[in-house]
Amino acid sequence: MGESVVMSDTSDRSTAPVMPGSIRLGRVGGIPLSLHYSWLIIATLITLSLVSHFRSTQPDWQPPITWVVSVLTAVLFFVTLVAHELAHALVARTRGLPVHSITLFALGGVAQIEKDATSARTEFVVAVAGPITSLVIGFACVGIAWSLGWSVDEGAGGPIGAVLGWLGSINVTLAVFNLIPGYPLDGGRLLRALLWKIYDDVDRATRNAARAGQTVGAIFIGWGLLQFFPGAGFGGLWMAFIGWFLISAAQASYAQVTIAESLRGIRVRDVMAEDCVTVDAGVHLQSLVDDLLRTGRRCMVVKRDGRILGLVTPNEVRAVARGRWQEVTAGDVMRPLDQLKTVGPDTPATEAFTTMAREDLNQLPVVSDGSLEGIVTRGHILQLLQSRAELKT
């Protein structure tokens, strides 16, 4: 790979969080595409790495050509990463798994798939779609570059050959890297699918795949540090950082399994609060805040003429300057019910908890047949988990 930077794919099938600080770029195949600000950092590093690479392999190029080709190559690499994640997302959608979005960030890409796979086969085909796409792109680019006279040792082939040669090499490397059996890399998900098939137990498969991910992460950290101290510099630190990320992600996946086991059989109706405080849409924020402080509740249901309109939480209140609390009403700042993420009373508690984590929400309205039944919060579920942990023998 020379001076290039390895990018990892961490396509989360259910729990990848929505990253704050992302820039919405539009839609690809109907799926929202976002760019996290951290990608701008790695894009700059990739561009600088490519400048160094092309200077060494193409010494006859003038500096302007080197820079233009480097920027173009970095942009095309961005396109190939989108293709990798889009492959995951489109295959997931064909298997009945809703796709929330695709986000590119410093360590690669995240295809945020709202539900976990329902079978080992589905997990396998969704996981393998990304590496296959990268391999196809990689071999196609290398083949065209060779036809233009490019070679790994001698370069040549002109700017087009150089660009395609690098893109081909990096995509093949990306595919091979992602096939390492370290959860949550694609290879780790393939391992989970295989263990799922063998054990016929997705939780056991996930735990073992997560342990493998932690082991791989530790190897990466050790390898990176061994490279760094002899003088590998950024490359060694980057490898160690990827290892740390893998360990953290694998630990999170292990914790997710533990939570799912603790919440098995628990429905939202078992933990939701049904005695929601209601306020009229015309009530001023000052009165609403006084009620919130007196009752200690974190949300209020806004009604008008007996009809539920939405919710007000401390987040909406904080968005209004304190000096305007006497003039702004609950109806002015509420979040309309039809714009809120909701769950039903029979929704599994683990699914509600996952939704709140993914959407960065503290509570979800519980709606049945168009009427509000109650509110479920992270606190409700965490309190249940704490009680179960304390009483567990």
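How many bridges join strand β8 to β9, and do they run parallel or antiparallel? Two bridges join β8, residues 307-312, to β9, and the strands run antiparallel. Before going on: this is a predicted model.

One of the residue pairs here is Gly-310, with Pro-336 as its bridge partner in β9. Both strands belong to an open sheet of four, with the order β6-β7-β8-β9 and mixed pairing. At the edges are β6, residues 278-280, and β9, residues 335-336, each of which pairs on one side only. As a reminder, strands of a sheet pair through backbone hydrogen bonds, in parallel or antiparallel fashion.

Next, β3 and β4. Strand β3 covers residues 31-36 and is joined to β4 by three bridges, with the two running parallel. Leu-33 has Ile-102 as its bridge partner in β4. Strand β4 itself spans residues 99-105, and six of its seven residues are buried, so the strand is largely enclosed by the rest of the structure.

Last, helix α4, residues 158-178, where Asn-178 is found. Is Asn-178 buried or exposed? Asn-178 is buried, because its relative accessible area is 0%, and the cut-off for buried is under 20%. A polar atom of the Asn-178 side chain lies 2.9 Å from the backbone oxygen of Leu-174.

Note on methods
Residues are numbered from 1 along each chain as its sequence is written. This is a predicted model: local features need pLDDT of at least 70, side-chain atom pairs count only at pLDDT 80 or more; totals for chains, interfaces and linings use all residues. Side-chain values use heavy atoms; hydrogens and water are left out. Two strands pair if DSSP finds at least two bridges between them. Buried means under 20% relative accessible area, exposed over 50%, partly exposed in between (1.4 Å probe, protein chains only). A polar contact is a pair of N or O atoms within 3.5 Å; within protein, one must be able to donate a hydrogen and the other to accept it, and residues adjacent in sequence count only if both atoms are side-chain atoms.
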